[in-house]
Amino acid sequence: MKADDTDGSHAKEDEVPVLAGPEDTGSAASVEFAPDAEESASSKDGPVWKIKCSQLGEHYGFRRCHINYICIATVKACFGAAFLGTGPYLQQAIMNDYKAHGVDSVSVSAVTIAVAVGGMLGVIVGGGLADRYGRRSCSLISCVFLALGNLLHLAIPEGQLGFTLLVSLRCVLGIFYGGLLAVSNVYIVELFCDDYRGMAMCLSSAGWSFGEFLAVKVLEGHQGWSWRFSMSLTPLPLSILACIGSFILPESPRWLLITGRQRQAQKDLDRVFASKPVFGHAFVGKAPHVLPPPGWQQGVQMSTAEALSQLFHRSVRRSTVTATLLYMAISGTLNATWIYGPAIVRKALHAKDDLELFAISDLMSAAACVAGVSLIETVGRRRLMMFTSFVKIVCFLLLLRPNNDLGSVQCLWIISSFSTSILWSSYHLYVTEIYPTVVRGVGVSFSCAFGRIASIVAPPLMGMALKYGDIGGAVAFAASGCGIIFFLAISIQRDTSRQQLPDTIIADEKEDKEN
């Protein structure tokens with residue numbers, strides 16, 4: 001840290017500023033300190049006080065700028081969902097197009113599985129790049145290349161070569177899709193207040209459901225389109241908005257501080273703290289001077305191999321193992337159910353695909369994300385994962401009733417979709433919070449990579465269960481997966497709800513000893 005960042009112009013660490021509410025109009029030059037605080041030293045830009053890096057989440061509040069961040073994160077989620085969401089509903093059309101070349105109901109799932117294969121590499125590379133070069137840069141690159149590459153579906157030819165090229169293209173696009181996955185949640189967690197991280201995650205997660213809803217409605221309204229046009233054009237408007245949003249976002253201040261970019265971090269923090277709170281109270285004015293974590297050498301970045309080894313440090317080892325197994329169970333089970341959902345419902349109803357049902361389910365999933373805002377902080381991540389996985393078990397088992405009618409199947413599927421959204425939001429929030437900032441990108445990517453493996457292996461297994469065991473085999477597969485999720489959620493040692501984010505392994509270990 002440079003000398004001008006630590007000179008005597010800063011107030012003592014325990015000085016507390018008067019907080020502004022939504023109706024206050026104070027500026028950096030007019031903000032006063034609390035009467036019981038020591039006299040503040042000031043600079044030409046206004047009063048400044050010191051806080052620890054781990055205390056950033058206590059001072060962010062919920063400001064007007066955070067609304068912009070949530071909107072941009074939601075648009076990026078919509079884009080990712082619209083890109084991925086066309087796959088299951090176009091499998092039948094793709095299979096009919098390449099049926100003469102040996103593509104059947106099992107092998108056609110490779111079109112969707114290929115994204116998971118590429119995503120496995122994407123999350124590993126993306127997480128490492130995000131820790132080394134920044135969250136914003138990785139997000140922007142992922143959005144731009146995913147948007148441009150998706151248009152190449154229009155160039156896929158007929159014949160066996162065409163199917164091979166289609167699967168290959170989806171695999172390459174999965175790399176950038178995985179990079180987007182690796183960074184989006186990390187950014188949200190690092191830029192929001194401890195009390196509102198859950199709310200921000202739930203609201204932005206609604207974009208995944210809403211993106212799938214838009215994909216279904218576009219496919220439903222343009223059934224005359226070929227699958228090539230559907231895959232290329234459905235996500236196009238959202239891709240443009242996602243690229244623009246990624247460009248205007250600031251970098252994560254926590255990452256800037258950890259990597260020694262103090263000046264840029266203070267500049268971005270000034271922008272955040274200049275924004276007035278939407279509700280509650282938060283200091284408005286010049287951002288505090290943020291002290292580095294104790295024992296941490298700023299600007300010293302670990303290689304990906306060194307960061308991976310830190311994931312098995314004794315202070316985070318159990319969390320790493322639990323989070324990774326959970327991701328495998330959730331991703332494998334839910335991805336297989338999502339891919340073969342239309343087939344399961346079709347067999348349960350003995351009818352054609354009910355696209356309207358899946359459109360309603362996606363809307364209910366988005367509503368679930370909004371409902372999760374009031375639950376995810378009060379109930380906690382662990383309990384929500386337990387409850388939603390149990391609800392899904394019950395819904396799947398009830399699908400096996402011999403006297404199910406149209407209404408009951410639709411109701412069960414919608415309830416299951418509602419639970420899925422809350423389950424995903426709870427898990428993504430938990431896995432992003434447990435890792436220190438210095439390895440957060442790599443940590444999330446490590447867990448996500450194994451989840452991608454499970455999402456690759458599980459769909460063919462469910463496909464075989466559906467083919468040879470009919471609906472009973474597929475439902476038993478899904479219910480068993482949710483049972484594993486339930487028991488893994490029980491094993492979570494500590495809920496991360498409203499807890500300070502750790503920044504380094506060293507600081508985290510020191511806090512554990514103090515506690």
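Contact here means heavy atoms within 4.5 Å. The structure is a predicted model. By this criterion Thr432 touches Asn185, Val186, Val189, Arg440 and Val444, with residues up to four places away in sequence not counted. Thr432 lies in helix α15, which spans residues 406–433. Its relative accessibility is 0%, under the 20% limit, so Thr432 counts as buried. The C-alpha atom of Thr432 is separated by 9.7 Å from that of Thr496. Along the chain, these two threonines are 64 residues apart.

Helix packing was examined for α3 and α5. Two packed helices are described by the angle between their axes and by the distance between the axes. Helix α3 covers residues 110–133. Its axis and that of α5 come within 5 Å and cross at roughly 35 degrees. The crossing of α3 past α5 is right-handed. In the contact of α3 with α5, 17 residues are nonpolar, eight are polar and one is charged.

Aromatic pairing was considered next. The model holds 15 aromatic pairs. In one of them, the ring centres of Phe62 and Tyr196 are 5.8 Å apart. Their planes stand at 70 degrees, over the 60-degree limit, so the pair is edge-to-face. The Phe62–Tyr196 pair links distant parts of the chain, 134 residues apart. Phe62 belongs to strand β4 (residues 62–63). Tyr196 sits in the loop between α5 (159–191) and α6 (197–221). Phe62 has 5% relative accessibility and therefore counts as buried. Tyr196, at 23%, counts as partly exposed. Together with Phe192, Phe62 and Tyr196 form one aromatic cluster.

A further pair joins Phe390 and Phe486. Their ring centres lie 6.4 Å apart. The planes meet at 50 degrees, so this pair is tilted. At 48% relative accessibility, Phe390 counts as partly exposed.

Charged side chains also meet aromatic rings. The charged end of Arg170 sits over the ring of Phe83, 4.9 Å from the ring centre. Arg136 lies over the face of Phe247, where the distance to the ring centre is 5.5 Å.

Note on methods
Residues numbered from 1 in each chain as written. Predicted model: local features only at pLDDT ≥ 70, side-chain atom pairs only at ≥ 80, totals over all residues. Heavy atoms only, no water. Phe/Tyr/Trp six-rings, centres within 6.5 Å; stacked < 30°, edge-to-face > 60°. Helix = DSSP H or I, 4+ residues; strand = E, 2+ residues; numbered from the N terminus. Buried < 20%, exposed > 50% of the residue type's maximum accessible area, 1.4 Å probe, protein only. Lys NZ or Arg CZ within 6 Å of the ring centre and 35° of its normal. Axes fitted to C-alpha atoms, helices over the stretch in contact; angles between N-to-C directions. Left-handed = near helix turned anticlockwise from the far one by under 90°. Nonpolar A, V, L, I, M, F, W, Y, C, P; charged D, E, K, R; others polar.
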